[in-house]
Amino acid sequence: MIFRKGDRNAAVKYTDYALGKFINDAKKKPWFKNTVFVIVADHCASSTGKWEINIAKHHIPAIIYNLNQKPEEINRLTSQIDLMPSLFGYLNWTYTTSLYGKDINKTKVGEERAFIGNYRTLGLLRNDLFTKLMTEKRVKQFTVSPTDKSLQEVNFKNEDLVSETISYYQTASERFKNGKMKSK
């Protein structure tokens, strides 16, 4: 297989090839039948290093493979932090945690949310409303187009959503600073 260096399409094709080879090689190992593979991207192309949030560029794939069940595709709004609680749900594991991730299969329709951020901006997307926290304690809210995910700033503020967004990021910061996110 020949790939042109520096070409994005070549990089995608190589990634597909490498993952396929990895899984095929793993299938030959005795531990394969007892192994679950979790494959997830950290961001889409052209989403890093930007000041503005582009919702469409934060739509990433995740695959939970080898659960010995019928494949399914989930197209509900969710975040990377929801991946492990969802996996634990598939495995029927019970656990106690104070982290923010949720099992998407136990999340009620309409209660989905996604945390989206970059170097300068933090945000929370719930339904079609994106709350953006910026430097200097500025907050903006936007509606998100269902077709192209473009943002349109709103003239009103959903103060409950503003408070929820701030509380998630503020409590996570405080817990991290005070060592409360370390495993015991």
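These legends describe close-up views of one predicted model. Local features are given at pLDDT of at least 70 and side-chain atom pairs at pLDDT 80 or more, whereas totals for chains, interfaces and linings use all residues. Residues are numbered from 1 along each chain as its sequence is written, and side-chain values use heavy atoms, with hydrogens and water left out.

**View 1. The open sheet S3-S4-S5-S6-S7.** Five strands form an open sheet in the order S3-S4-S5-S6-S7, with antiparallel pairing. Strands (E, at least two residues) and helices (H or I, at least four) are DSSP runs numbered from the N terminus, and two strands pair if DSSP finds at least two bridges between them. S3 and S7 are the edge strands, each pairing on one side only. From one strand to the next the twist averages 30°; axes are lines fitted to C-alpha atoms, for helices over the stretch in contact, and angles run from 0 to 180 degrees between N-to-C directions.

View 2. S3 and S4 run antiparallel and are joined by 5 bridges. The two strands form a hairpin with 4 residues between them, and Gly117 stands opposite Leu122 in S4.

View 3. H3 covers residues 159–177, 19 residues in all, and reaches 27 Å from its first C-alpha to its last. This is close to the expected 27 Å, the expected span being 1.5 Å times one less than the number of residues. The helix lies across S3, S4, S5 and S6 and runs at about 130° to S4. Its buried residues (under 20% relative accessible area with a 1.4 Å probe, protein chains only; exposed is over 50%, partly exposed in between) include Leu161, Tyr168 and Arg175. The buried residues of H3 pack against S3 (113–117), S4 (122–126), S5 (129–134) and S6 (138–144).

**View 4. The two ends of H3.** At the start of the helix, a side-chain oxygen of Asn158 reaches to within 3.2 Å of the backbone nitrogen of Asp160. Just after H3, Gly179 takes a positive phi of about 70°.

**View 5. The largest nonpolar core.** Eight residues make up this core: Ile53, Ile55, Ala114, Ile116, Leu125, Phe130, Phe142 and Val144. A nonpolar core is a set of buried Ala, Val, Leu, Ile, Met, Phe, Trp, Tyr and Cys residues joined through side-chain atoms within 4.5 Å. S3 and S6 are the elements that give two or more residues to it. A second, separate core of 5 residues includes Leu124, Leu129, Leu161 and Tyr168. Beyond four places in sequence, the contacts of Phe130 (heavy atoms within 4.5 Å) include Ile53, Gly123, Lys140 and Leu151.

**View 6. Two buried serines in loops.** Ser145 is in the loop between S6 and S7 (151–153) and counts as buried because its relative accessibility is 19%. Its side chain makes a polar contact of 3.0 Å with that of Thr147, and one of 3.0 Å with that of Asp148. A polar contact is a pair of N or O atoms within 3.5 Å; within protein, one must be able to donate a hydrogen and the other to accept it, and residues adjacent in sequence count only if both atoms are side-chain atoms. Ser79, in the loop between S2 (62–65) and H2 (83–90), is buried at 10% relative accessibility. A polar atom of the Ser79 side chain lies 2.7 Å from the backbone nitrogen of Phe115.
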